[in-house]
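Have a look at the structure first.

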Amino acid sequence: MMKQTIYFDNGSTSWPKAPGVAGAMAELLENGAFNINRGTYAGAYEVEGIVLDTREQLARLFGGRDSRYAIFTPGITYSLNYFIKGFLKKGSHVLVSGLEHNAVMRPLEQMKQWGVSYDIVPVDEEGNLRVETLEGMIRKETEAVIVTHASNVCGTVVPIAEIGKLCRSRELFFAVDTAQSAGTLTIDMEKCGIDFLAFTGHKGLLGPQGIGGFLISERLAGQMDAYIAGGTGSQSDSFLQPESLPDKYESGTMNLPGIIGLHAALEYLEKTGIDAIHEKKMYLTEYFLKKVKEIPGVRIVGRKDTKNRVAVVSLDFQTEDNAVAAFTLEQEYGIMTRVGLHCAPAAHRSLHTFPQGTVRFAFGMNNTAEEIDCCVEGIERIVKRL
């Protein structure tokens, strides 16, 4: 078996990026990296127009109210911190799923010292969450529900439409982490009752690292404080943070090269269609699952079919340390994966893979069945050798 370069770590960041992303970023940096909301000249206005167009792309993609409610941040972790630390107050209670990433769990732990409490809604061994269970855990002081749309460990999709409906009926705010679903699954904020949708640009959206953001509902925007304050280029005569959107949540110089790259990626997604991308990813996932099921000594974590999931598959090697298996796959077969706890110890506890973690395979639309054949052959050889 000849060593190749096979990238199966799209759950960490997508690669390759969408066509045109690198070129758009390079053009900005080489031909006019002007700052918006500051410069009063043609080049700055041109860049500002692209930024506005990117907000409109995001509003269309996620069913947001309008472009003013699309906010840019350095990434989804920052976005979730904006919600957790900008909205929750002393006495607030939050419900989260048993699949959450540390981008949710760590800031919630920090907020305990300020009087915020939370409970984890359990999921089953496949990562499925029952809305009835969540409903039974709502308390009188519960103010919000935060869930990941799709697990970054096992790929299971959480029923956000049902949860959103419940949140509306109980007058709770609903926040969704779309790190593993944006650009792959159709998401409509209005239809799903989402008040806060956090996204990152560098995974399913096929853009560069270092750019992300959130879309916010009108009712939440009036109640969520600006977690970071500073210069916005607007109302510069006042020490007070502007209340108008998007300025309220966008202090300091934005990552314009990242936004320009994201703009190019979103153009590609609109042209290609996320349904087509999802179909290709799920074909690869089904192909992989079918073959791996036949390998003794390897356990598929979570769902073993393609129903209600994204293209993220975790394996637990039964006869050897998972880190050794992942290292061997990369060193001997050129297959790049991610091993460990994936910054999601809550999910691994729920899936009974704590503390050993798993070896994660996350497929992108540029992967092929031939690459999966090579990977499966490598896994079979490792298991036989171990």
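The charged end of Arg-219 sits over the ring of Phe-173, 4.1 Å from its centre. This is a predicted model, in which local features need pLDDT of at least 70, side-chain atom pairs count only at pLDDT 80 or more, and totals for chains, interfaces and linings use all residues. Residues are numbered from 1 along each chain as its sequence is written, and side-chain values use heavy atoms, with hydrogens and water left out.

Q: What makes Arg-219 count as sitting over the ring of Phe-173?
A: The rule asks for NZ of Lys or CZ of Arg within 6 Å of the ring centre and within 35 degrees of the ring normal. The charged end of Arg-219 is 4.1 Å from the centre of the Phe-173 ring and sits over it. Arg-349 likewise lies over the face of Phe-354, at 3.9 Å from the ring centre.

Q: Why is Phe-173 called buried?
A: Buried means under 20% relative accessible area, exposed means over 50%, and partly exposed is in between (1.4 Å probe, protein chains only). Phe-173 has 7% relative accessibility, so Phe-173 counts as buried. Phe-87 is buried too, with a relative accessible area of 5%.

Q: Why is the pair of Phe-87 and Phe-173 called edge-to-face?
A: Rings of Phe, Tyr and Trp (its six-membered ring) pair if their centres lie within 6.5 Å; planes under 30 degrees apart count as stacked, over 60 as edge-to-face and the rest as tilted. The rings of Phe-87 and Phe-173 have centres 4.9 Å apart and planes at 65°, so this pair is edge-to-face. It links distant parts of the chain, with Phe-87 in helix 3 and Phe-173 in strand 6, 86 residues apart. Helices (H or I, at least four residues) and strands (E, at least two) are DSSP runs, numbered from the N terminus.

Q: How many aromatic pairs does the structure hold, and why is the pair of Phe-83 and Phe-196 called tilted?
A: There are 13 aromatic pairs. For Phe-83 and Phe-196 the ring centres are 5.1 Å apart and the planes are at 35°, so the pair is tilted. Phe-83 lies in helix 3 (residues 76-87) and Phe-196 in strand 7 (residues 196-200), so the pair ties together parts 113 residues apart in sequence. Both Phe-83 and Phe-196 are buried. One aromatic cluster includes Phe-83, Phe-87, Phe-173 and Phe-196.

Q: What makes Glu-250 and Arg-55 a salt bridge?
A: A salt bridge is a side-chain nitrogen of Lys or Arg within 4 Å of a carboxyl oxygen of Asp or Glu. The closest N and O atoms of Glu-250 and Arg-55 are 2.8 Å apart, and the two residues form a salt bridge. Glu-250 lies in the loop between helix 8 (218-221) and helix 9 (256-272), and Arg-55 in helix 2 (residues 42-62), 195 residues apart. Both Glu-250 and Arg-55 are buried. By this rule the count comes to 20 salt bridges.

Q: Glu-243 forms a salt bridge with Lys-248; is Glu-243 buried or exposed, and is Lys-248 buried or exposed?
A: The closest N and O atoms of Glu-243 and Lys-248 are 3.3 Å apart. Glu-243 is exposed because its relative accessible area is 58%, while Lys-248 is buried because its relative accessible area is 4%.
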